[in-house]
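Subject: Structure handover

Dear colleague,

I am passing on the structure below, together with some notes on what was found in it. Please look through it before reading on.

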Amino acid sequence: MNPVVFGDDLTFALGREVASRKARGESCVDATVGVLMDNDGELAVLPTVVDVFRETPPAEWAAYAATTGLDGFCEAVIEDCLFGRPTLREHAVAIATPGATGALRTALRTFLDRNQAFLTTSLTWSAYPIIAQATERRLIRFRMFRDGHQGFDVEDLDRELDRLMAMQGRALVLLNDPCNNPTGYTMSRGDWLAVAEVLERHSKRGPIAVVLDAVYGAFAPEGLNPALDALEPLADQVLLTIAWSASKTFTCYGLRAGALVAIAPDRAVRNSVRDTIACHCCGTWANCNRGALAALIRLLQEPRLRAAVACDREVFIDLLAQRSAAFEQAIEEHALCRPTYKGGFFTSVFVPEAAQVASVLRDEGVYVVPLEGAVRIALSAVRSDDLPRLVTALARAVERGGRRYSGVRSLGPAARPARRANGR
C-alpha cells in the first residue's frame, strides 16, 4: 500500500484512510485515534454529560465567554486538579484553553523563548513535535524506559536536563502522566520522587517549569496524587503547571474545552503568569466555547452530577481493563512485549522497524501508529472481538519484518485499576 500523505498529525491521517476504506465496505481494524468506542463500534458517551449539555440554555451557547473563561470554570478546574490540597489551590491560577492542546501551546509560548527546547519522553504523543514546530520551539527527548524496558529512566532525564540547562539556562519538562499516551504506563511514587530530586537539583542552576499533561487523570487509580505528592514540596523552586482537558475526562473530544493551571506561591509571579497566559489566549483564539464551559461548571461542581459521571465513567474504565487483559494474554502467546499498562486509552508494543511493521499491517487492514521502536494501539477504539485479529496480524508483521523482538515478554500485569482516590 502506498505511504500515507498527510499535512497534519499522522494519527488523524491514518484515521481518515481507514474511514475511507470502511466506507468502501472493507473490513478494517482502527487502533489509531484516541476516542472511546463501545463494543458495538459506536462512539461511547457518558449519559450524564449528554443530559447536562441538553439542559444548557441556548443563550449560554450563543454568547461570548471572557478570554480567561467563564466565572466559576477556572475555579472548578483548579478544584478538580488539586482536590484536598488547600495550599496549592490557594497558589493556583487557571485560564480556559481549547483543549489540552491549547494549554500545551500556551505553556510553550509562555515559559520558553523562540527556538528554545523543552524536554519530554522518547515515547510520546505524536502531536508534541507539531505543537513545538507551530510555536517555534524545539523538542528534546530523554529515554523513557531503562535498558530492558523495565522501569522509568530517571537517569537519562537527569542527563538530558543537565545538557538542556547548560545549553539555554532554563528548562521546561513536559510529562504526560498518569496513563501515558502512547504506552499506558503510569509513573510510580518512586518514579516521581526520583524526578522531583532531579528537578530540585537542577532548579538551582536556573528556572524550570514542569508541565503535567494530565488529560487521562480521571482514568488513573490515584489520579494526580503521586505527581503532586512529589512536586508540592518544590512549589517555591519549580513552576508547576497542569494541562487539563474535558476531551477524555468527559469523552467530549470535539468540545475543545480545557485549561492551563499554574501554581506559584509568590503572588507577583502568579499574577504575571496569569496575565501573560491571558494575553496569549486573547491574541490566539480570543475565547473558548461558552456553552461547554457552562455545562462543565455544573459537571465539576455539583456533587450529584460528579457522582453520576464517575459511575458512568467506571463502566468504560472496566471495559478498558478487560480489553487490556485480553490484549496482554494475546501478546504473551506471540512473545511480544509492551510496557506495564496501568490505564488510559493506549498501549504500545515494542517492535523493530516500527514504520515497516505498521505498513505491513495497513496492507492487512489493521491500523496502528508507528513510533520509534514501538507501535501504539488505541485500546479505547478497538472492539474486544477485534483484538485477536489485531494481535495475530501484528505478530505476522513483526515476523515479516525479518526478526522478532527478543526482549522480555511482559513488563507487568494488566490489573484492574483500584478505585480513584477521593472518589474524584
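This is a predicted model: local features need pLDDT of at least 70, side-chain atom pairs count only at pLDDT 80 or more; totals for chains, interfaces and linings use all residues.

I begin with the packing of the interior. In soluble globular proteins, nonpolar side chains tend to be buried together. Here the largest nonpolar core has 157 residues, and within that core Phe-73, Leu-199 and Phe-250 are the ones with the most contacts. Helix H14, which spans residues 303-333, gives this core its largest share, nine residues. Leaving aside residues up to four places away in sequence, Phe-250 touches Leu-46, Val-49, Trp-244, Leu-296, Leu-299, Leu-300, Val-309 and Arg-313.

Next comes the largest pocket, whose volume is about 560 Å³. It is lined by 28 residues, of which Phe-12, Thr-101, Trp-125, Lys-248 and Arg-256 are the closest to its centre. At least two lining residues come from each of helix H1 (10-23), helix H6 (99-111), helix H7 (127-134) and helix H11 (246-249), and the lining as a whole is made up of 13 nonpolar, nine polar and six charged residues.

Finally, there are two cavities of 30 Å³ or more. The second largest cavity holds about 40 Å³ of space, and its lining consists of Thr-121, Met-144, Phe-152, Leu-175, Asn-176, Asp-177, Asn-180, Tyr-185 and Met-187. By residue type, that lining divides into five nonpolar, three polar and one charged.

With best wishes

Key
Residues are numbered from 1 along each chain as its sequence is written. Side-chain values use heavy atoms; hydrogens and water are left out. On a 1 Å grid over the protein atoms alone, a cavity is a set of points where a 1.4 Å probe fits but cannot get out, and a pocket is an open set with protein on both sides within 12 Å along at least five of seven lines; lining residues have an atom within 4 Å of a point. Grid points are joined across faces, edges and corners, and a volume is the space filled by probe spheres set on the points. Ala, Val, Leu, Ile, Met, Phe, Trp, Tyr, Cys and Pro count as nonpolar, Asp, Glu, Lys and Arg as charged, and the others, Gly among them, as polar. Helices (H or I, at least four residues) and strands (E, at least two) are DSSP runs, numbered from the N terminus. A nonpolar core is a set of buried Ala, Val, Leu, Ile, Met, Phe, Trp, Tyr and Cys residues joined through side-chain atoms within 4.5 Å. Buried means under 20% relative accessible area, exposed over 50%, partly exposed in between (1.4 Å probe, protein chains only). Contact means heavy atoms within 4.5 Å.
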